[in-house]
Amino acid sequence: MAFGGQADGTVANPVIPGFHPDPSVCRVGDDYYLACSSFEYFPGVPLFHSRDLVHWTQIGNALDRPGQLRLPADTPASGGIYAPTLRHHDGRFWLIVTNVSDGGNLLFTTTDPAGPWSDPVRLPGVTGIDPDLAWDEEGTCWCTVAGVHQVRIDPYTGETFGPPRRIWSGTPGAKAPEAPHLYRIGDHWYLLIAEGGTERGHGVSVARGRTPAGPFEPCPANPVLTHRGLDHPIQNTGHADLVQAPDGSWWMVLLGVRPGGGTPGWHVLGRETFLAPVDWVDGWPVVGDLSPAPAAPPWPLRPGPAVPRRDDFDLGEPQPCWISPRDRSARHCTTGKRAGWLTLHARGGSLDDLDAVFLGRRQQHPSCRVRALVDPAGGRGGLAVRLDERHHYEIEADSAEVRLIARIGPLRTVVASRPVPAAGPLVLGVDVTAVRTPHDPRSGPDDLSLGVEERDGAFTPLGTLDGRYLSTEVAGGFTGRVIGMYAAAGTVHFDWFDYEPLDPPHP
């Protein structure tokens with residue numbers, strides 16, 4: 001099933017599940033394009049296409065070569081690429097983004113959002129994060145950043161004109177005014193921002209003015225969207241962007257999380273992309289239903305191609321969904337060593353190291369089943385569920401033994417081990433099971449069973465671990481879980497990787 005749709009034709013929120021935060025959207029004709037943050041992962045800035053705002057297909061990553069995305073070896077988890085803005089203007093797509101680990105604010109262009117994108121134009125005169133781009137009727141380009149500060153720029157050269165100036169401070173008493181987006185709608189310029197921090201206090205507020213530089217008057221109903229203090233399955237709502245459909249209706253994409261387990265609730269998939277309708281009342285946006293299954297838009301839904309469940313590594317390059325911390329060198333990750341296999345060459349470290357060799361995809365469902373056929377080939381590696389270098393679980397094999405390893409903060413332990421079932425390749429697996437109705441308020445959001453699939457197909461876990469320790473509420477940061485393959489020593493081959501979404505257990 002393509003992201004965002006259900007069998008009955010309604011919307012399934014989130015429309016892009018898993019670690020896809022800070023969405024920015026634009027429309028060109030009947031097509032919609034959306035970009036998200038990627039933080040310490042390479043390639044950076046995943047790009048999606050839709051024909052209905054509901055079903056989204058990843059078409060690439062904007063920053064897919066080292067000349068565009070430099071993530072130094074000491075880039076920490078939740079460093080790297082923050083909060084892009086994607087716009088279409090004057091026949092071109094424009095992407096502005098912050099690399100907090102190298103280079104500050106950068107601007108890229110293309111005529112095809114599937115790529116290739118240009119090399120970066122650097123913006124040394126633009127400081128701060130969450131940059132936005134907007135053009136007025138005279139063609140002047142305005143760049144607005146968190147704070148909320150604004151400066152005129154030349155998007156072709158990166159030159160700035162005059163010092164940045166604060167144009168709005170947001171709602172009195174609300175922290176972290178950020179994620180600004182500026183739009184000309186009717187007779188006004190609207191300034192949409194996020195406030196309250198990206199945790200439970202997150203919200204969306206708006207102001208309007210007669211010029212892109214203000215002055216701005218706040219909406220009397222601010223925040224126009226927040227779930228703070230509500231018993232709602234979607235929390236941390238904010239960092240929104242607006243888009244108008246061809247029929248004249250307005251829509252909002254935004255980030256949110258789905259906490260699970262007992263108190264205080266843990267979100268493990270990261271901040272995800274949600275969709276909500278927007279009405280205009282007395283010149284102000286009013287955000288409609290933001291539920292796990294809101295009503296469908298008033299036009300035919302157009303599902304894209306189904307997301308492949310299994311990757312047999314038969315193509316020359318990994319699919320766009322595959323990401324790695326900081327870089328993905330062909331010396332360490334290749335499909336050319338053994339036909340139809342992915343080969344990982346270890347650098348000599350473990351997943352605890354900043355230079356680990358790891359290739360993974362975002363966990364996108366509260367319950368899922370993952371399997372991979374692994375040939376250690378004299379090396380050592382396997383499957384891992386990673387939140388960052390200090391929070392991960394892995395099922396690891398060499399020629400003699402299979403081990404279940406847990407890293408939680410400063411503690412790393414081998415939880416269990418067993419001899420390999422037989423010589424040659426073996427199937428390693430991870431089963432993630434969401435906890436739907438915790439009877440203990442201290443229960444975690446899910447359980448992770450890691451083990452070996454026997455020759456008869458039966459799955460034998462080496463152990464089951466509490467998922468809360470691979471959550472943002474425990475580890476901190478801005479990312480979500482990534483499940484994939486790694487090499488800790490020598491060379492490890494993978495014939496296939498299978499990710500199967502599962503329905504969560506019934507209450």
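Residues are numbered from 1 along each chain as its sequence is written, and side-chain values use heavy atoms, with hydrogens and water left out. Because the model is predicted, local features need pLDDT of at least 70 and side-chain atom pairs count only at pLDDT 80 or more, while totals for chains, interfaces and linings use all residues.

**Annotated residues**

Select D22 and E178, which the unreviewed UniProt entry annotates as "active site". They are spread over 157 residues of sequence, yet they cluster in space, with a largest C-alpha distance of 11.1 Å. UniProt positions are given in the numbering used here, feature names are shortened, and annotations may be inferred rather than shown by experiment.

Centre on D22, in the segment before strand 1 (24-28). Helices (H or I, at least four residues) and strands (E, at least two) are DSSP runs, numbered from the N terminus. D22 is buried, at a relative accessible area of 4%. Buried means under 20% relative accessible area, exposed over 50%, and partly exposed in between (1.4 Å probe, protein chains only). Show the residues around it: not counting those up to four places away in sequence, D22 touches A35, C36, S37, F39, A83, P84, H239, L255 and R271. Contact means heavy atoms within 4.5 Å.

Move to E178, in strand 14 (residues 178-185). E178 also counts as buried, with 17% relative accessibility. Its contacts, leaving aside neighbours within four places in sequence, are D130, A146, I193, A194, G197, T198 and H202.

Colour the open sheet whose 4 strands run in the order 6-7-8-9 with antiparallel pairing. Two strands pair if DSSP finds at least two bridges between them. Strand 6 (81-89) and strand 9 (121-122) are the edges, each pairing on one side only. Between strand 6 and strand 7 there are 7 bridges in the antiparallel sense. Pick R87 to find its bridge partner in strand 7, W94.

**Aromatic pairs**

The structure holds 14 aromatic pairs. Rings of Phe, Tyr and Trp (its six-membered ring) pair if their centres lie within 6.5 Å; planes under 30 degrees apart count as stacked, over 60 as edge-to-face and the rest as tilted.

Select Y33 and F93: the ring centres are 5.2 Å apart and the planes stand at 80°, so the pair is edge-to-face. Y33 is in strand 2 (residues 31-35) and F93 in strand 7 (residues 92-99), so the pair links distant parts of the chain, 60 residues apart. Both Y33 and F93 are buried.

Next take W94 with Y156, an edge-to-face pair with centres 5.3 Å apart and planes at 85°. W94 lies in strand 7 and Y156 in the loop between strand 12 (149-153) and strand 13 (160-166), parts that are 62 residues apart in sequence. W94 is buried at 1% relative accessibility, whereas Y156 is exposed at 53%.

Then show F19, F39, Y41, Y82 and F478, which ring pairs link into a cluster. R362 lies over the face of F19, 5.0 Å from the ring centre. Elsewhere, R371 lies over the face of F459 at 4.0 Å from the ring centre. A charge sits over a ring if NZ of Lys or CZ of Arg is within 6 Å of the ring centre and within 35 degrees of the ring normal.

**Nonpolar cores**

Finish with the largest nonpolar core, of 38 residues, where L383, V402, L428, M485 and F497 have the most contacts inside it. A second, separate core of 21 residues includes V224, W250, A276 and W284. Such a core is a set of buried Ala, Val, Leu, Ile, Met, Phe, Trp, Tyr and Cys residues joined through side-chain atoms within 4.5 Å.
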